[in-house]
Amino acid sequence: IPAGEKVTVTIDIPRRVLEFYDVSREVRCVEKGSYTFMAGSSSEDIRLTVQTDIDGDVIPPRDMSGRILLKNYDSVRNARMNFSKQKNDWYMISGDWGGSVTLKNCKLDSYTNAEIQAAAPCNPAKIEIYAGEKLLGVCDIEPSENRDVFESYRIPLEKYDGICNMRLELKGMVSVFSVQLS
């Protein structure tokens with residue numbers, strides 16, 4: 001384009017480049033909403049901004065009535081994923097000083113129990129379950145022979161109704177494969 005001239009440019013943005021992986025449903029999707037596209041010579045020199053509405057998925061709250069694999073977490077602090085040959089799947093393990101795993105946008109319907117598959121590979125440990133900042137239940141995890149030899153633990157929960165971020169606080173080194181509320 002010669003200096004000083006203007007031309008109209010059309011850029012097609014394939015829908016697939018707007019997709020993300022929704023861990024709560026285990027699907028790729030485009031979220032419905034308003035999207036802003038910017039063009040410029042650099043991120044500090046934006047010269048054109050276009051906003052458009054995209055018809056996509058409305059992401060529903062996470063259904064907590066089924067088994068939730070902790071590999072489908074939303075955020076984590078001082079924990080990481082590890083692969084279990086016994087389960088042939090991924091699980092979360094905290095560091096020596098503990099950590100946390102958060103599942104966002106969870107729908108809680110007065111559940112009274114949580115069943116957690118967990119292991120404490122070194123010393124006794126503890127798991128606390130929170131809805132937002134409200135403590136719902138606590139469970140002691142007995143030492144196990146290995147970090148992926150999971151035992152089932154039933155944790156009585158204080159009832160909570162609503163949509164919240166559910167956080168598992170891992171006190172000590174704890175491996176967690178799954179959680180299910182009932």
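Residues are numbered from 1 along each chain as its sequence is written, and side-chain values use heavy atoms, with hydrogens and water left out. Because the model is predicted, local features need pLDDT of at least 70 and side-chain atom pairs count only at pLDDT 80 or more, whereas totals for chains, interfaces and linings use all residues.

Strands are DSSP runs of E with at least two residues, numbered from the N terminus, and two strands are taken to pair if DSSP finds at least two bridges between them. Strand β3 (residues 33-42) and strand β4 (residues 45-54) run antiparallel and are joined by nine bridges; M38 has T49 in β4 as its bridge partner, and a hairpin connects β3 to β4 through two residues. Strand β8 (residues 79-84) likewise pairs with β9 in the antiparallel sense, over six bridges, with M81 standing opposite M92 in β9. These two strands, β8 and β9, also form a hairpin, with four residues between them, and N88 in the turn has a positive phi of about 55°. Strand β9 (residues 89-94) is mostly covered, five of its six residues being buried, where buried denotes under 20% relative accessible area, exposed over 50%, and partly exposed the range in between (1.4 Å probe, protein chains only).

E26, in the loop between β1 (20-22) and β2 (27-29), has a positive phi of about 55° although it is not a glycine, and with a relative accessibility of 43% E26 counts as partly exposed. N78, in the loop between β7 (75-77) and β8, is not a glycine either and has a positive phi of about 50°; its relative accessible area of 43% makes N78 partly exposed.

A search of the whole structure for aromatic pairs finds three, with rings of Phe, Tyr and Trp (its six-membered ring) counted as paired if their centres lie within 6.5 Å, and with planes under 30 degrees apart classed as stacked, over 60 as edge-to-face and the rest as tilted. The ring centres of F83 and W90 are 5.2 Å apart and the planes stand at 70°, so this pair is edge-to-face. Both members are partly exposed, F83 with a relative accessible area of 38% and W90 at 37% relative accessibility. The pair of F150 and F177 is tilted, with 5.7 Å from centre to centre and 40° between the planes. This second pair links distant parts of the chain, 27 residues apart, since F150 lies in the loop between β13 (134-141) and β14 (151-156) and F177 in strand β16 (residues 175-181). F150 and F177 are both buried, and together with Y91 they form one aromatic cluster.

Charged side chains were examined over the aromatic rings, a charge being placed over a ring if NZ of Lys or CZ of Arg is within 6 Å of the ring centre and within 35 degrees of the ring normal. K87 lies over the face of F177, at 4.7 Å from the ring centre, and R167 lies over the face of Y130, at 4.3 Å from the ring centre.

Nonpolar cores were defined as sets of buried Ala, Val, Leu, Ile, Met, Phe, Trp, Tyr and Cys residues joined through side-chain atoms within 4.5 Å. The largest such core has 32 residues, of which L108, I127 and M166 touch the most other members. The elements that give two or more residues to this core are β10 (99-109), β11 (113-119), β12 (125-131), β13, β14, β15 (161-171) and β16. Leaving aside neighbours within four places in sequence, I127 is in contact (heavy atoms within 4.5 Å) with residues including I116, A118, V138, I141, L168, L170 and V176. A second, separate core of six residues includes L69, Y91, F150 and F177.

The structure holds zero disulfides, a disulfide being a pair of cysteine sulfur atoms within 2.5 Å. The sulfur of C29 is 16 Å from the closest cysteine sulfur, in C106, and therefore too far for a bond; C29 counts as buried at 3% relative accessibility. For C106, the closest cysteine sulfur is in C164 at 5.8 Å, which is also too far for a bond, and C106 is buried with a relative accessible area of 0%.
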